[in-house]
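Subject: Structure handover

Hello,

Please find the structure below, followed by notes on what was found in it.

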Amino acid sequence: MLVKIKTAEELALMRESGRLLAQVFAMLDDYVKAGISTMDINNRVEDFIVNDLQARPASKGQYDFPYVLNPSVNHVVCHGMPKASQLLRNGDIVNLDITLEKNGFIADSSKMYCVGQINPQARRLVDTTYQAMWAGIRQVRPGARLGDIGQAIQQVAERAGFSVVREYTGHGIGREMHEEPQVLHYGKAGSGMKLEEGMTFTIEPMINQGDHRLKHMKDGWTVITRDKKLSAQWEHTIAVTATGYEVLTLRDEEKTAAI
């Protein structure tokens with residue numbers, strides 16, 4: 001595997017892309033609510049990235065995907081497509097997966113939004129998935145192995161009685177949306193590629209309330225849980241630093257979590 005090690009100058013550009021992407025989610029915090037359609041969200045995100053941030057929504061046109069974000073609601077695991085007819089309802093959980101390119105470098109992140117009052121089981125899934133992502137992030141340092149990340153995530157998820165999606169992984173990122181290495185969200189500590197300073201990749205666990213098996217819909221994009229139970233996901237773009245990690249897409253409300 002050819003992993004692209006980033007220079008200090010390249011990391012500075014990636015940091016700026018990540019900072020801008022965090023602003024997109026800050027904007028959405030007051031925008032996402034019951035009654036709004038997933039297409040409304042898509043259009044607002046595109047306008048904000050292009051006109052407010054003077055950046056490019058990197059998902060639009062990637063692999064011929066026609067939109068700027070993936071909204072994955074309730075039992076949709078990933079790659080949901082925006083629809084004008086899909087209105088968010090009280091009790092929904094929705095993952096908004098967004099990418100942004102600025103100055104030639106891409107940032108990739110996703111956040112779970114809970115619409116109105118959600119039930120305790122859904123809240124537990126959302127919170128556990130977030131904790132699992134951070135358990136994986138905290139394994140990142142030079143000399144650690146990719147398997148350390150996967151095992152940490154898997155342990156948090158399975159101890160809570162949930163399952164880890166196998167088919168979709170984190171990935172290297174930089175000038176390209178998908179670079180090496182692949183980052184599994186399950187595995188064995190001490191296995192896999194050794195991490196080096198300058199690596200950049202996403203950690204983006206998808207955790208299912210029930211079975212980990214999936215079903216692909218006829219639109220060619222949308223992936224749902226086979227048992228129709230809920231799924232949740234969080235994602236950040238990470239850089240390996242000399243002493244540990246830096247979350248390039250860190251949002252303001254998370255800054256204490258990164259310490």
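Leaving aside neighbours within four places in sequence, Thr169 is in contact (heavy atoms within 4.5 Å) with Gln182, Val183, Leu184, His185 and Glu204. Thr169 sits in the loop between strand S5 (163–164) and strand S6. Its relative accessibility is 18%, so Thr169 counts as buried; buried means under 20% relative accessible area, exposed over 50%, and partly exposed in between, with a 1.4 Å probe and protein chains only. Helices (H or I, at least four residues) and strands (E, at least two) are DSSP runs, numbered from the N terminus.

The model is predicted: local features need pLDDT of at least 70, side-chain atom pairs count only at pLDDT 80 or more, and totals for chains, interfaces and linings use all residues. Residues are numbered from 1 along each chain as its sequence is written, and side-chain values use heavy atoms, with hydrogens and water left out.

Next, the strand S3 (93–102). Ten of its ten residues are buried, so S3 is largely enclosed by the rest of the structure. Ile93, Asn95, Asp97, Thr99 and Glu101 point one way from S3, while Val94, Leu96, Ile98, Leu100 and Lys102 point the other way. Strands pair if DSSP finds at least two bridges between them. S3 pairs with strand S1 (residues 69–73) in the antiparallel sense over five bridges, and Leu96 in S3 is the bridge partner of Pro71. S3 also runs antiparallel to strand S4 (residues 105–114), joined to it by ten bridges; there, Cys114 is the bridge partner of Ile93. S3 and S4 form a hairpin with two residues between them.

Some backbone angles deserve a look. Most residues other than glycine have a negative phi, and most peptide bonds are trans. Asn74, in the loop between S1 and strand S2 (76–78), has a positive phi near 60°. At 17% relative accessibility, Asn74 counts as buried. The peptide bond from Glu180 to Pro181 is cis, with omega near 5°, and Pro181 is in strand S7.

On the nonpolar cores: each is a set of buried Ala, Val, Leu, Ile, Met, Phe, Trp, Tyr and Cys residues joined through side-chain atoms within 4.5 Å. The largest has 34 residues, of which Ile93, Val140, Ile149, Leu195, Phe201 and Ile203 touch the most other members. Helix H3 (120–137), helix H4 (146–159), strand S8 (200–203) and strand S13 (236–240) each give two or more residues to this core. H3 gives the most, with seven. A second, separate core of 25 residues includes Val24, Ile41, Ala55 and Leu96.

Last, the largest pocket. On a 1 Å grid over the protein atoms alone, a pocket is an open set of points where a 1.4 Å probe fits, with protein on both sides within 12 Å along at least five of seven lines; lining residues have an atom within 4 Å of a point. The largest pocket is lined by 25 residues, and Tyr63, His79, His171, Met177 and His178 lie nearest its centre. S3, strand S6 (170–172) and strand S7 (179–183) each supply at least two lining residues, with the largest share, three residues, coming from S7.

Regards
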